Amino acid sequence: MAVSVDKVYQKVLALANKEQRGYVTPQEFNLFADQVQMDIFEQYFYDLNKRQQTPGNDSYYADITTNIQSKISMFEVSEQSVSMQSGSLAYLSNDLNNFYRLANVKVSYIKNGYGFVEAEEVTNSGLQKYEKSPLAKPNKRRPIYTKFSTSQVPVAIKIYPHAGSYTNPISGNVTSDSLMISYIRKPKSPNWTYVIGTNKNALYNPSAADHQDFELHASEETNIVIKILQLAGISIKDVQLASIAAQEDIKNIQLENK
């Protein structure tokens, strides 16, 4: 269940306008909303790593690690086909929508006969050890891949052994080895859409083509409002508003860590 972008905006306006503190424009709100959503989303992975180092809770619904994993799972994209360039290169951040983090890689070599096989990630520095080792050397039943980035491509991978294409000697049809990726995508940017009314006020327009609610779990609504108020307080130069929001944020963090 998503968080209503309009509900959040109305709460932000009500709290920011209290005692005539100031007004947060739709443009400002949308910028703040996008930043806050990504901040909360990225914090999931830090919190998950931290929690996995501590014992869990016997109750499934009270276990914080399980709850964080549940929030992340909303953004999982499973077994997405990806094209490979010459040399078995795949440009993930270019080919996959809103790519954020790689989960796993599977390769299907036509002449292998085993279907899709999961590839193991190795570091670029460790690649040479694998290729020189008689036992660890990658093969079509046990492929590996390296991950790297360039100035043009933030995230790319290279498969070993290299994939290829084959021509059927009878039909003449060309078939190629296949690559399948599972990954975590970024949440879509929230967008409070509007039209200008006769009194020149912005009127909420949920039917706009580019309208977008927050994609975070419904439990994050209060957290979203608090963090947007922090940014709003800085924007309208209201130190007290920013301070109050920061104090509420600290309370939330303390509750989550109990």
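1. Aromatic pairs. The count is 10 in this predicted model. Rings of Phe, Tyr and Trp (six-membered ring for Trp) pair if their centres lie within 6.5 Å; planes under 30 degrees apart are stacked, over 60 edge-to-face, the rest tilted. Tyr 9 and Trp 192 make an edge-to-face pair, 4.6 Å centre to centre with 70° between the planes. Tyr 9 sits in helix α1 (residues 5-16) and Trp 192 in the loop between β9 (178-185) and β10 (194-196), so the pair ties together parts 183 residues apart in sequence. Helices (H or I, at least four residues) and strands (E, at least two) are DSSP runs, numbered from the N terminus.

2. Burial of that pair. Tyr 9 is buried, at 1% relative accessible area. Trp 192 is buried too, at 3%. Buried means under 20% relative accessible area, exposed over 50%, partly exposed in between (1.4 Å probe, protein chains only).

3. Phe 41 and Phe 75. Their ring centres are 5.0 Å apart and their planes at 70°, so this pair is edge-to-face. Phe 41 belongs to helix α2 (residues 26-51), Phe 75 to the loop between α3 (64-73) and β1 (76-82); the pair therefore ties together parts 34 residues apart in sequence. Both residues are buried.

4. Cluster. Tyr 9, Phe 29, Trp 192, Tyr 194 and Tyr 204 form one aromatic cluster.

5. Basis. Residues are numbered from 1 along each chain as its sequence is written, and side-chain values use heavy atoms, leaving out hydrogens and water. The model is predicted: local features need pLDDT of at least 70, side-chain atom pairs count only at pLDDT 80 or more, and totals for chains, interfaces and linings use all residues.
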